[in-house]
Amino acid sequence: MDIKSMTYSLYWLYCQFELITCSYLMEPWEKVLFYTFNITMLIMILYTSYIFASVHISTAFQFLLDLFGSQHENAVSIVK
């Protein structure tokens, strides 16, 4: 894929985005506010999912290990 084709594809995707969101009707200052809000919300969602998904995956993995009998040793079993 050459550069000219890639830039055309990105421009086409941007035009599609503007059509879907109707942002082509906005004034420039409205576009700045709109894009700033959307990018901020996207970053917050990605950060939150990164933080909490790792905790949930770890908990689910621990549950599956306990469910299939691979339990951790506790202090009482080490003393015995």
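Predicted model: local features only at pLDDT ≥ 70, side-chain atom pairs only at ≥ 80, totals over all residues.
Just after helix H2, Gly 69 adopts a positive phi of about 90°.

**Exercise 1.** Determine how many helices and strands the protein chain has, and how the span of H2 relates to the expected one.

*Solution.* Begin with the count: the protein chain holds 3 helices and 0 strands, and read from the N terminus its elements follow the order α-α-α. Next, take helix H2, which covers residues 28-67 and has 40 residues. From its first C-alpha to its last H2 reaches 57 Å, close to the 58 Å expected at 1.5 Å a residue. Helix H1 can be treated likewise: with 19 residues, H1 reaches 27 Å between its first and last C-alpha, close to the expected 27 Å.

**Exercise 2.** Locate the region that UniProt lists as "transmembrane region", and describe the chain over those residues.

*Solution.* The unreviewed UniProt entry lists residues 32-53 under that name; the annotation may be inferred rather than shown by experiment. Turning to the model, the chain over residues 32-53 is 100% helix and 0% strand, and its end C-alpha atoms lie 31 Å apart.

**Exercise 3.** Identify the partner with which Glu 18 forms a salt bridge, and decide whether Glu 18 is buried or exposed.

*Solution.* The count of salt bridges comes to 1. Glu 18 forms a salt bridge with Lys 31, and the closest N and O atoms of the two are 2.9 Å apart. This pair links distant parts of the chain, since Glu 18 sits in helix H1 and Lys 31 in helix H2, 13 residues apart. As for accessibility, Glu 18 has a relative accessible area of 10%, and because buried means under 20%, Glu 18 counts as buried. For the chain as a whole, 5% of the 80 residues count as buried.

**Exercise 4.** Describe where Cys 22 lies and what its phi is, then state how many disulfides are counted.

*Solution.* Cys 22 lies in the loop between H1 and H2, and this residue follows H1 with a phi near 60°, a positive value in a residue other than glycine. At 40% relative accessibility Cys 22 counts as partly exposed, and Cys 15, with a relative accessible area of 23%, is also partly exposed. A disulfide is a covalent bond between the sulfur atoms of two cysteines. The count of disulfides comes to 0.

**Exercise 5.** Find which residues form the nonpolar patch on the surface, and classify Tyr 8 by its relative accessible area.

*Solution.* The nonpolar patch is formed by Ile 3, Met 6, Tyr 8, Leu 10, Trp 12 and Leu 13, which together have about 690 Å² of accessible area. Among them, Tyr 8 is found in helix H1, residues 3-21. Tyr 8 has a relative accessible area of 57%, and because exposed means over 50%, this residue is classed as exposed. Finally, the accessible surface of the protein chain comes to about 7,400 Å², with 74% of this belonging to carbon and sulfur atoms.

Conventions. Residues numbered from 1 in each chain as written. Heavy atoms only, no water. Helix = DSSP H or I, 4+ residues; strand = E, 2+ residues; numbered from the N terminus. Expected span 1.5 Å × (residues − 1). Buried < 20%, exposed > 50% of the residue type's maximum accessible area, 1.4 Å probe, protein only. Areas by Shrake-Rupley, 256 points an atom, 1.4 Å probe, with all protein chains shown as cover. Patch = residues over 30% accessible without salt bridge, like charges linked within 9 Å, V, L, I, M, F, W, Y side chains within 5 Å. Salt bridge = Lys/Arg side-chain N within 4 Å of Asp/Glu carboxyl O. Disulfide = S-S within 2.5 Å.
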